[in-house]
Amino acid sequence: MAIAIGIVLATVGVLLLWYGQRFGRSVIQRAPLAGQPAEEPAMPEAVPGGALGPDALVFLFPERFVGTCDDAVAAPGRTGTAPLTQESIDLCDEAGRLVYAILVDQYQGSRLEFRLVERAPSMMQPFPQKSWELEMRRADALSSSPLLDCLNVAFTVIYQRRGLGAAEEDEQQLWVGLDELLEQVLKVARAEIGFWKRQGVYGDLCKYVEEALVAAGYMRELSRPTWLERLRGRELQVNRPAIEAHRSDADDLHRSLVEFRCTHGSEQTREMAEDLTSPSQEADSELATAPGPLDELPLDDALRLSIYEALHCLRQLEPSGGT
């Protein structure tokens, strides 16, 4: 019996030694030499065709629309990376600007309509709570982009819950609060994001756009053949020529958003209209309890404040809300 046990243990030891040598050899073979950068495989020369939506342009050129942040002061787990510059991006600011860009784009194209209506404060952070809310309705078919497709589904789901048919005769039932829409948009996006890839409200909206761009060929995931490399998380390689081909489109979007701010913003907003990188929460907080007719409130400020509040409230409802 003792001999049999000895033979089994010896066999197991030999197998472990053999697998250990193979693993070590694979790590050594794939590791770059000291002082030399790892060789990066070339991206395909083919350039993806077709137009990019406003959310994709904001994601690819965040230095124009979001700005950068300092890793030392950013909230843990809430930073992303600009694809071309590799600078750090605050996911809270990026998510807010992704939503802002698609809504303004569709409003300017007469596909969405906005209105402000009175409401009772919800007593959730951030404070002070607004005494009004922004509602939207589809005036025409929405354009196609990652988050706009989610928004289109969100409208359809909410209308079905309300029992609206093809005729949609009840005019008031067509208006939906931004909070309700963004909650549904997040559900649609998360249905296509693996559980282990989720990063919270802000990160998941950004991740959804990123995954769409990877699928379209603007970025690709580098292979991770070894177990050690897979532990470090995935790395994305950008298709720089394909992205740079849309820089003029990003310039057009920038001009369009600046025009909206100059037309519909407060005096303070118009003064800094050219700089789209200021965080959304810097929208005038006095709007939250502003007296007087709601149709006199600056729409741009009201929209940015509403987006920030809606996303912040959704974050508070998360199990680890508050970060």
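**Helices and rings**

Guide: Just after H7, Gly217 takes a positive phi of about 100°. Helices are DSSP runs of H or I with at least four residues, and strands are runs of E with at least two, numbered from the N terminus. This is a predicted model, in which local features need pLDDT of at least 70 and side-chain atom pairs count only at pLDDT 80 or more, while totals for chains, interfaces and linings use all residues. Residues are numbered from 1 along each chain as its sequence is written, and side-chain values use heavy atoms, with hydrogens and water left out.

Visitor: How many residues of H7 are buried?

Guide: In H7, 12 of the 17 residues are buried, so the helix is mostly covered. Buried means under 20% relative accessible area, exposed means over 50%, and partly exposed lies in between, with a 1.4 Å probe and protein chains only. Among the buried residues are Tyr202, Asp204, Lys207 and Leu213.

Visitor: And what span should H7 have?

Guide: The 17 residues of H7 (residues 200–216) should span 24 Å at 1.5 Å a residue, and the end C-alpha atoms are 24 Å apart, which agrees. The expected span is 1.5 Å times one less than the number of residues.

Visitor: Changing topic, how many aromatic pairs are there?

Guide: The structure holds 4 aromatic pairs. One of them is Tyr100 with Phe260, edge-to-face at 6.5 Å centre to centre and 75° between the planes. Rings of Phe, Tyr and Trp (its six-membered ring) pair if their centres lie within 6.5 Å; planes under 30 degrees apart count as stacked, over 60 as edge-to-face and the rest as tilted.

Visitor: Which helices hold Tyr100 and Phe260?

Guide: Tyr100 lies in helix H4 (residues 91–108) and Phe260 in helix H10, so the pair ties together parts that are 160 residues apart in sequence. Tyr107 and Phe260 form another edge-to-face pair, with 5.7 Å centre to centre and 80° between the planes.

Visitor: Is Tyr107 buried or partly exposed?

Guide: Tyr107 counts as partly exposed because its relative accessibility is 25%. Phe260 is buried, with a relative accessible area of 1%. Tyr100, Tyr107, Phe114 and Phe260 form one aromatic cluster.

Visitor: What lies over the face of Tyr100?

Guide: Arg97 does, at 5.5 Å from the ring centre. A charge sits over a ring if NZ of Lys or CZ of Arg is within 6 Å of the ring centre and within 35 degrees of the ring normal.
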